[in-house]
Amino acid sequence: MTKRVIPVVDLSQFTKGDAAARETFVAELGKAFHEIGFVGVTGHGIPEKLINDFYKASNAFFALSTPIKEQYEIAGMAGQRGYTSFGKEHAKQSEVADLKEFFQIGQEVPADDPRKAQYPDNVHVDEIPDFTKLGLQLYRAFEKAGGELLKAIAIHLELPEDYFEAHIEKGNSILRAIHYPPITKEPESAIRAEQHEDINLITLLVGASAGGLQLLNKDEEWLPIMPEENEIVINVGDMLQRLTNNYLKSTTHRVVNPPREQWHLPRLSIPFFLHPKSEMDLSALPKCITAENPLHYEPITAGEYLDERLREIGLKK
Ligand SMILES: O=C(O)CCC(=O)C(=O)O
Ligand SMILES: [Fe+2]
């Protein structure tokens with residue numbers, strides 16, 4: 001067996017284990033987030049069937065013709081709901097767009113909820129009636145697993161266990177189905193997803209249909225991330241890095257193009273970007289500001305920060 005690039009932890013040790021098992025889990029997760037910013041998670045409770053069904057529905061959606069898919073690309077939405085066509089999004093430092101198209105599903109609240117106006121309606125696809133419905137079920141499962149991981153991180157940060165709960169309840173998270181089509185001609189410089197850091201608190205990624213995901217380690221080496229069956233990949237995003245004044249690491253990652261003999265293979269991946277409510281204050285936690293680690297960031301809310309980042313990546317005008 002080749003050596004793993006990222007450690008793996010079993011979330012059921014935290015959700016179902018005794019005090020000692022929970023303590024071990026918290027220590028391992030904290031260490032992984034502090035040192036590498038990435039961890040593999042098993043025992044996450046996300047039903048395999050739901051993942052497979054959503055994969056199938058996503059594949060069916062991306063197989064639709066471009067004019068049909070473009071009917072689900074809605075102006076003024078900054079890609080936050082529905083379809084974003086090939087060649088739109090680019091990493092913030094990059095001039096060339098990534099080799100991908102995607103579909104996003106966001107938070108839904110009841111009609112009488114005060115937050116209703118803040119969250120645009122999800123887009124439903126006539127041709128694939130189950131697509132958004134299954135996506136919303138997966139969204140809830142990710143919210144639950146993500147909430148447990150944030151409980152463990154709160155304990156690691158010596159905060160109350162429920163510290164994140166109020167911030168993420170009805171938060172602005174996004175489920176994204178990404179399709180990287182087969183490569184048909186030598187790309188000039190573009191890769192499937194140029195190096196970047198995620199914006200949100202944490203990202204949960206279910207097994208991509210092909211390799212290509214890499215992280216940049218402290219020695220500036222690109223290392224492949226190859227999750228095992230039933231393992232999801234979790235990484236720290238910039239919001240959590242900012243809140244912890246760089247104690248937890250939002251690690252740079254990318255998706256590279258496959259070798260030429262695999263150009264004909266598309267790649268499908270499903271990240272869940274766990275966001276808090278827009279009014280969450282991302283000012284650094286006092287415990288994370290020390291003489292050795294002085295304050296790195298100005299105060300900002302999650303909403304202001306997201307807005308700034310969406311402009312940088314070309315989704316918001
Ligand atoms: O496709 C993947 O495996 C990762 C994509 C990613 O890093 C992102 O969308 O932020
Ligand atoms: Fe990412």
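Guide: We begin with a definition: helices are DSSP runs of H or I with at least four residues, strands are DSSP runs of E with at least two, and both are numbered from the N terminus. This is a predicted model, in which local features need pLDDT of at least 70 and side-chain atom pairs count only at pLDDT 80 or more, while totals for chains, interfaces and linings use all residues. Residues are numbered from 1 along each chain as its sequence is written, while chains are lettered from A and ligands numbered from 1 in the order in which they are written.

Visitor: What pLDDT does the protein average?

Guide: The protein averages a pLDDT of 95, and 99% of the residues score at least 70, on a scale of the predictor's confidence in each residue that runs from 0 to 100. The model also scores ipTM 0.99 and pTM 0.97.

Visitor: Which residues surround ligand 1?

Guide: The shell consists of I178, A193, D198, L205, A208, L213, H253, V255, S269 and P271, where a residue is near a molecule if its C-beta atom, placed from the backbone, lies within 6 Å of it. Strands β11 (253-255) and β12 (267-274) each supply at least two residues of this shell.

Visitor: How many residues of the shell around ligand 1 are nonpolar?

Guide: Seven are nonpolar, two are polar and one is charged. In this scheme Ala, Val, Leu, Ile, Met, Phe, Trp, Tyr, Cys and Pro count as nonpolar, Asp, Glu, Lys and Arg as charged, and the others, Gly among them, as polar.

Visitor: What makes β6 and β9 edge strands?

Guide: They belong to an open sheet of four strands in the order β6-β11-β8-β9, with antiparallel pairing. Within it, β6 (193-196) and β9 (222-224) each pair on one side only, and are therefore the edge strands, given that two strands pair if DSSP finds at least two bridges between them. The twist averages 20 degrees from one strand to the next, with axes fitted as lines to C-alpha atoms (for helices over the stretch in contact) and angles from 0 to 180 degrees between N-to-C directions.

Visitor: How many bridges join β6 to β11?

Guide: Two bridges join these antiparallel strands, and A193 stands opposite V255 in β11.

Visitor: Why is strand β5 described as largely enclosed by the rest of the structure?

Guide: A residue is buried if 20 or more other C-beta atoms lie within 10 Å of its own, exposed if 12 or fewer do, and partly exposed in between, with C-beta atoms placed from the backbone. Seven of the seven residues of β5 (residues 174-180) are buried, so the strand is largely enclosed. In a regular strand the side chains alternate between the two faces of the sheet. Here I174, R176, I178 and Y180 point one way, and L175, A177 and H179 the other way.

Visitor: Which strands stand at the edges of the eight-stranded sheet?

Guide: The open sheet has the order β1-β2-β10-β7-β12-β5-β4-β3, with mixed pairing. β1 (8-10) and β3 (82-84) each have a single partner strand, so one side of each is left without a neighbour in the sheet. Six bridges join β4 (residues 101-106) to β5, with F102 opposite I178, and five bridges join β5 to β12, where the partner of I174 is F273.

Visitor: Why is E158 called exposed?

Guide: E158 has 9 other C-beta atoms within 10 Å, and is therefore exposed. K170, with 18, is partly exposed, whereas K69, with 22, is buried.

Visitor: What is the phi of K170?

Guide: Phi of K170 is near 55 degrees, and that of E158 is about 60 degrees, although E158 is not a glycine. Most residues other than glycine have a negative phi. E158 lies in the loop between α5 (130-156) and α6 (165-168), and K170 in the loop between α6 and β5.
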